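Biologist: Please show me the model, and let us examine the terms used to describe it.

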Amino acid sequence: MASLSTQIAYRTQKAIGVVNTAPVYQPLSGFERPEGINRVCAYSPDGRWIAYATTDDVKLVDAETGAIKHTLPAVGVLEVAFSPKGSYCQTWERTTKQEDGHAAPNHKVWNTDTAEMVTSFVQKSAQGWNLQYTHDEKYCARAVTNTIHFYESGNMKTIWKELRVEGVTEFALSPSKNYSVVVFVAEKKGHPAIARTYAFPDFTNHTSQKSFYKADKVQLQWNALGTMVLVLTQTEVDKTGKSYYGETNLYLMSALGTFDCRVSLDKEGPIHDVTWSPNSREFGVVYGYMPAKTTIFDARANVVHSLPLGPRNTILFSPHARFVLVAGFGNLQGQMDIYDRERNMTKIATIEASNASVCEWSPDGQHILTATTSPRLRVDNGVKIWHYTGPLMYLEELTELYNVYWRPQPAAVWALGNPLPGAPTPHASATAHVATLAPAKPTGAYRPPHARGTATPLAFKREDEGGAAHVYTNGSASTNGNGLNGLGKGPRARHVPGAEPVVKSVPGAVSGGGVAIAGAGGDENTGLSKAALKNKKKREAKKAKEAAVAQGEEGDANGATASQLTVDGILAPTGPSSERQPRERDRPHRGDRSRSRSNRSPQARPQGERGQAGRRSKSRNGENRNQGQDNKHQRGQSGDVRNRGKNPPNVVNGTSGANNSAAVPIAPPAHPQLAKVAAGVAPGLVLTVPTGASGPLSPVPGTPSTAEEKKLRGLHKKLRAIEDLKMRLASGEKLEDTQLKKIATEAQVLKELNMAGKL
């Protein structure tokens, strides 16, 4: 293994390349670059093979010489994977149907020494499609519905063992000599999610178990020794509304059940990244809202070291566990901080790798690979190799780069010297690139001219720069809840730089507090916006109009003598029982006047009214709405016909009696439209008003009326509706057939009204 060279392989849209890196940085001489569409490329974990798939087959290439050793007859392969020692190659393609209607096997396992197919399965999903092997390739496993099947690698035709777990969605085999497996069961019907570990081949009892909520999916990570496993849980939705990407939690379990806990994180926010150190004794976590916090824990979840806050979301340990890389990729600037773990986390360098979507340590532990790949970014694609001390060592620009990998090699092959060697001479491509770079200008947030040259306020600084911490509530952020950075609750006040701050005052209050005094010169409109001032004027005008209407009604009522006070145009009762009842305008108004009696049961209505309600149509509703508008003009002048019919007064010429009745003439309506309606009433029509036994009757709501009075009200209502339709027809409006037929019934209504008045 000592003779193996450090190497990278990449795949672009039309080619696959293999390059030997430090110190030569040149393409692998024996490798012929395939042209055309190549869908996948991968190294075997032991670094012995390179596999790439064309449209017709899969090629197995010797990574040392670049020669093609085998060709696997697999068509349309989309995924390739190897066993830990490279003895088996797995391919996956889309499912197809056979002639009998059954799905054809699309997951195939090949022997890399003989190029023969060992076995095949039907695997519809591309997620978790490949077999998982033990470190020595003795056993392998795959998940099916509610079961995990275990096979002996030498006998793949039969199932060796089965692990039955209801609802299992994820599992992971231990990478160590201890044969262990961890399984995950998601939440279901209020039951918590469960993570369990088993030691096979004995699956009778689990060795450890951890239950928890808020876990729709997980990532299971074993340490290199296979003694501890990290369970990173995530929900699809964050019910608190603080994150678009769900809520995350981290748990630590031992394979033997001696220890388990939830990893306590002291900064609120999501978990961006978590990874084990190669020494299996530590793991690092990047967590919290930006600027995120990076902490290294020991195998008992105790804090070992905390790094400064910063815009970071990635943590990687070097293969020798000597260096720690903490970087911010994705929508962050791409800065990489390199720390020396053996020197109390001393920062060695900060590397600017903007737009990087791939970042990996080299097997020698001294170089870092970064790449910008498609489809995330289709421009500036290429590969860069950096030395851990900061300089750029190698650069290759490529078109539509999809994947790039280091050739896997054991860390023991590349022993680190002591002291560590310095950076070697860069490749010519890196030297030329650095020479073309312009001097970096100071960057930062835009500052308006009046603020330039002054100290940045704390409200505009990040937390890692000395600013106040952000408190996230329901998807928004604020600085200690006071909104200094413009992200707090409530609208931010408009402020013109350089102008005096505007202090909004409460309408009616004086400057400095207290109560405004009339004539003191205070303006209650101070501080109101244009829209608020306009709405205020509308409200005041509406109140003034209502007051004028009420004053006019009171004047009409005061015009009559105390003994002949009129209500709705009819003489009102006097005496001890003549308390004023709620008028129609004081009741809740409804646009459709015909629905005001809808609360009564059909049995309580007259026969004619029930039939009339049953024939209600859209045109009738339209009439009722217009009729309701006309009724607004009648109030206080001609009165509400319904109130007159329900409880007519029994006062005639200012006198009242116990068993008297009087004929009260209908008062002529003041409104011009109602005058037209009244003009059609037969002359001499009078209302017979019965008197009660104990004095005048008052219009008490809910008091039953006689059938004649109800019929009279209905006829008046029909007459008003007909008059309204005639006015609409005269104005040129097109009426429906039912409305025209209603106008034709005017003579019949007048005749019935005349006959009802003579009863």
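**Strands, sheet and cores**

Modeller: In this predicted model, strand 25 (residues 282–287) and strand 26 (residues 292–298) are joined by six bridges in the antiparallel sense.

Biologist: What makes strand 25 and strand 26 a pair?

Modeller: Pairing requires at least two bridges found by DSSP. Strand 25 and strand 26 have six bridges, so they count as a pair under that cut-off. Within this pairing, Glu 282 stands opposite Asp 298 of strand 26.

Biologist: Why are strand 24 and strand 27 called edge strands?

Modeller: Strand 24 (271–276) and strand 27 (303–310) each pair on one side only. They belong to an open sheet of four strands, ordered 24-25-26-27 with antiparallel pairing. From one strand to the next, the twist averages 15°.

Biologist: Which residues touch the most other members of the largest nonpolar core?

Modeller: They are Leu 325, Met 336, Ile 338, Trp 361 and Ile 368, in a core of 17 residues. Strand 29 (323–327), strand 30 (335–340) and strand 32 (358–361) each supply at least two residues of this core, and strand 29 gives the most, with three.

Biologist: What makes Trp 361 a member of the nonpolar core?

Modeller: Membership requires a buried residue of a listed nonpolar type, joined through side-chain atoms within 4.5 Å, and buried means under 20% relative accessible area. Trp 361 is in the core, so Trp 361 meets these conditions. Leaving aside neighbours within four places in sequence, the contacts of Trp 361 include Leu 325, Ile 338 and Ile 368.

Biologist: Which residues does the second core include?

Modeller: This separate core of 16 residues includes Met 228, Leu 232, Cys 261 and Val 274.

Technical notes. Residues numbered from 1 in each chain as written. Predicted model: local features only at pLDDT ≥ 70, side-chain atom pairs only at ≥ 80, totals over all residues. Heavy atoms only, no water. Buried < 20%, exposed > 50% of the residue type's maximum accessible area, 1.4 Å probe, protein only. Contact = heavy atoms within 4.5 Å. Axes fitted to C-alpha atoms, helices over the stretch in contact; angles between N-to-C directions.
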